[in-house]
Number of protein chains: 2
Amino acid sequence: MQGIMQDWPLTVDKILEHARLQNADREIVTRRVEGNIVRTTYGELYNVSKQVSNALKDEGIGLGDRVATLGWNSARHMAAWYGTMGIGAVLHTINPRLHPEQIAWIANHAEDKVLIFDKTFLPIVEAIKGELKTIKTFVIFADKDTMPENSLGAVAFDLWIDGRSTTCRWGDFPETTACGLCYTSGTTGNPKGVLYSHRSNVLHTLVTMSKDAMGMGADDVVLPVVPMFHANAWGLALSCPATGANMVMPGAQMDGASIYELLDTEKVTITAAVPTVWLMLLTYLQENNLKLPHLRKVIIGGSAIPENILRAFEQDYEVDVVHAWGMTETSPLGTLGTLPPHLVDADVDTRMEQKLKQGRPPFGVELKIVDDDHKDLPRDGETSGRLLVRGAAIAAGYFKGDGGDVLDEDGWFDTGDVANIDQYGTMQITDRAKDVIKSGGEWISSIDIENIAVGHPKVANAAAIGIYHPKWDERPLLIVQAAEGQSPTKEEVLEQLEGKIAKWWTPDDVAFVDEIPLGATGKINKLALRETFKDYKLPTA
Amino acid sequence: MQGIMQDWPLTVDKILEHARLQNADREIVTRRVEGNIVRTTYGELYNVSKQVSNALKDEGIGLGDRVATLGWNSARHMAAWYGTMGIGAVLHTINPRLHPEQIAWIANHAEDKVLIFDKTFLPIVEAIKGELKTIKTFVIFADKDTMPENSLGAVAFDLWIDGRSTTCRWGDFPETTACGLCYTSGTTGNPKGVLYSHRSNVLHTLVTMSKDAMGMGADDVVLPVVPMFHANAWGLALSCPATGANMVMPGAQMDGASIYELLDTEKVTITAAVPTVWLMLLTYLQENNLKLPHLRKVIIGGSAIPENILRAFEQDYEVDVVHAWGMTETSPLGTLGTLPPHLVDADVDTRMEQKLKQGRPPFGVELKIVDDDHKDLPRDGETSGRLLVRGAAIAAGYFKGDGGDVLDEDGWFDTGDVANIDQYGTMQITDRAKDVIKSGGEWISSIDIENIAVGHPKVANAAAIGIYHPKWDERPLLIVQAAEGQSPTKEEVLEQLEGKIAKWWTPDDVAFVDEIPLGATGKINKLALRETFKDYKLPTA
């Protein structure tokens, strides 16, 4: 028997329609690439987005066509987002930090027809223009006066939409229609595209709005430092208009001084970014003896929070830190570090220990861990296994079928992470499956070793990898990049680990390098390290 | 082009599964009909619900079959809820306050096969047992020791499930499958059944969880005074487990002393009920000089909030009042009185004035007002029109097609209310469409007149109805029930209205009655009043 309820397709255009009707005056504040700050509203954004839709339709863009952006966070980027998705086309947010060759490869693979970009990235686009096989229209986020010279025949965004109708039919297609495309840059093979649907994005939006998730309301002011080209904009391009929260868009300037200025002048209450950004901000705050009186919550994801950042926000600035874990494939919200009820009143060290873990999944995300034979493992907070995830906003595969079938027979997606889960559902990542070091049949967590090693003041960065060992199969080698002007010894580094990890986890050797290689998203490139150290001989082997 | 995201049907069994995995220790505290307080957990509720599923399957209950309850709020009622819905059967929550004849009519119309009820209602069930044509199994929420004697061959709930397996496959059907049935008792014609789907209930749950809606988190303690048989339990039977909030179930005792005891001993943070309950609580608090230190939010719906209740909670007890409007047909959340951003820092009178309105719809609910020709009316906060609603958790019709097609060609549902909407989406109900008084072609709001009249200390209740007038078509008659021991005069009542309504809205006469008739849900029965006063002659006519 079917329920007798309305057929109301979950399409993202309804989110901006809601913002227009309920929160037309709420603001989107943008720091433009030119440095000046401009203000608009959800009411205006709605109209501009409709104009984008009409401009796109004039370019022949319709259902399923891909429209790419290479853009910083801005109100214009938001208009490109809704203008594209509203007509059933697919917004492809390209990460401009990728190698230009990779950008070209991705744009060709996605068969993007239009590219809208910030002039910051003009040199990149000019450099690869000969390789871009499908893009017919280039648009630059600029007006007549700020439009740069170019050899692309590009049009200024403001002129492109100027005078167009603000009327255009949105929605009116199935909720499973694709709306967004975001490539993950794996360390092996070509990037793979995650193709979000209207349904998955609307459901993700509703999930993020709950109190224990991001929990924003109409009277919040949200500063998404996390770029819109990272993992579906962490959902913020959708959840802010859905609630009516003001948005503050930092554009290209994410240094401590610039972010502080926005936090302070716009009275930001919630902000979100990767740890690196917060390190810059905290340094700036400390050097200038500043406080954060308006900010109530900082959402930190992308990589694990270092303890000093967590404690600085919570203890020095009285800002609630929500550690979040997710992937491009999870839209991206997977878990959140909001304290579980039994720890809300715990002592500070217990709370901080909990908050260093990746957190708990909200309703809508299912997690479990399995062993190498794909058998369920206990939720005891100790046993580690491969982390699988299931939910309405979790990828079922990749664009064009790349990577093949990625779900198991019960519909679970393998995250590639190794984690434990406790009886309250708190998940803690202990390693990447491909980075795990297997010694004598047992797993050693490279992440644990690295996190402790970087706590030494003489260490700037550290990476643990497995090196072949005739007896144990693999033993850990710790690779260290010294802090500027420092020369730590092997003994000093190993002493740092003593008593904090199981004795058999202790690396067999420490190697020093000038610089630990990082990938496009700032994570340690272990593939490169394994290549460099492939013939390394451990002293004990 | 379709997105490539997981097919994860929105079924309500996933909510309790989530509670089990994340918040197994969070509690459901019940005051039983015997008066004692018992405690269980979501982990236990999950097991008991699975046992209910297995008991129902043994009764031959499966997909689409209706299981009825006549029950107070309790953990056992929650187990009946999830045990029924989990296997794709339909939980039909019958309102025990209806006339027994109407209960029998509804049970027969729904073709309920099982009836599970509190022993409070045994006399009702015994009285109508001969009329119940489809119910084969009677279960009483009781154990061996508290089971009453009966002539129904009823079984005690605890014995019914005792020893059964806690394993049972849930879900695994389309998300549009029916899961709940709730009849609306109109003042005319037979009751009509609203048939909720798994999808509508899951989406409603997500919407209610957002900060500006009910906004509960895992560390909240929620006391739903509103009975589960009222309008889909206001969604609380779903949103509490979805977040992990503790539930405190008041059973049959909703007097001021009993509710205060639970608020205090269980440290309740959020509670929800109709105004009548709060009047009883506030009287008790005042008489005993008590405070509400734990409570942070009270959700008030079912009928408009009287200003004295609003001000008492907000000003005397520092509890945030969220005025909510909805209907059985809207699952029921339609609007919420959370302050819009531009009024958060307004003076207290402005805030109170705003909070007396019905509030703003969350994302997921669309509202508009239309004139008699079904043309859209402006959102200016003044123009009144028929209120239409659209959304994923709004009824598209009634069970068995009763009432025919209820949606217009664009899918809007007519609420039967008359309202205005302002530029921020704040909706204010000015009347029921069928109660509106039409004088000289213009509408007079009966509700406005009544709300002001009951502000007079000598007035207990008041109802305005239209009486035939040869010149104006209709003119208002105000019918007054005096407060105990009081004898207000016509002049005193009309003086109360002076300056607060347009002069031409002033009732042409005031009639006094011993008691204003109320319907089953506590609302004024205007149909009865119109019948009583159908030959009334106005002095000015």
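Predicted model: local features only at pLDDT ≥ 70, side-chain atom pairs only at ≥ 80, totals over all residues.
Student: OK, what's the mean pLDDT of chain A?
Tutor: It's 94, and 99% of the residues of chain A reach 70 or more. pLDDT is the predictor's confidence in each residue, from 0 to 100. For the complex, the predictor gives an ipTM of 0.90 and a pTM of 0.90.

Student: Where do A:F157 and A:W160 lie?
Tutor: Both are in helix 6 (residues 157–161) of chain A, 3 residues apart, about one turn of the helix. Helices here are DSSP runs (H or I, at least four residues), as are strands (E, at least two), numbered from the N terminus.

Student: Buried or exposed, those two?
Tutor: Both A:F157 and A:W160 are buried. Buried means under 20% relative accessible area, exposed over 50%, and partly exposed in between (1.4 Å probe, protein chains only).

Student: Why is the pair of B:F533 and B:Y536 called edge-to-face?
Tutor: Because their planes are at 65°, with the ring centres 5.6 Å apart. B:F533 is buried at 9% relative accessibility, while B:Y536 is partly exposed at 25%.

Student: Back to A:F157. Which residues touch the most other members of the largest nonpolar core?
Tutor: A:F157 and B:F157 do, in a core of 134 residues. A nonpolar core is a set of buried Ala, Val, Leu, Ile, Met, Phe, Trp, Tyr and Cys residues joined through side-chain atoms within 4.5 Å. Another core, of 61 residues, lies apart from that one, and B:V221 and B:Y317 are among its members.

Student: New topic: where is A:N73?
Tutor: A:N73 is in the loop between strand 3 (66–70) and helix 3 (75–86) of chain A. With 3% relative accessibility, A:N73 counts as buried. A polar atom of its side chain lies 2.6 Å from the backbone nitrogen of A:M228.

Student: Which residues is A:N73 in contact with?
Tutor: Leaving aside neighbours within four places in sequence, they include A:T30, A:P224, A:M249 and A:G251. Contact means heavy atoms within 4.5 Å.

Student: Which peptide bond is cis in chain A?
Tutor: The one from A:S331 to A:P332 is cis, with omega near 5°. A:P332 sits in the loop between strand 14 and strand 15 (333–336) of chain A. In chain B, the bond from B:S331 to B:P332 is cis too, with omega near 5°.

Student: And what's the phi of A:A233?
Tutor: About 55°, a positive value, although A:A233 is not a glycine. A:A233 is in the loop between strand 10 (221–224) and helix 8 (236–243) of chain A, and counts as buried at 2% relative accessibility.

Conventions
Residues numbered from 1 in each chain as written. Chains lettered and ligands numbered in written order. Heavy atoms only, no water. Phe/Tyr/Trp six-rings, centres within 6.5 Å; stacked < 30°, edge-to-face > 60°. Polar contact = N/O pair within 3.5 Å; in protein donor to acceptor, adjacent residues only side chain to side chain.
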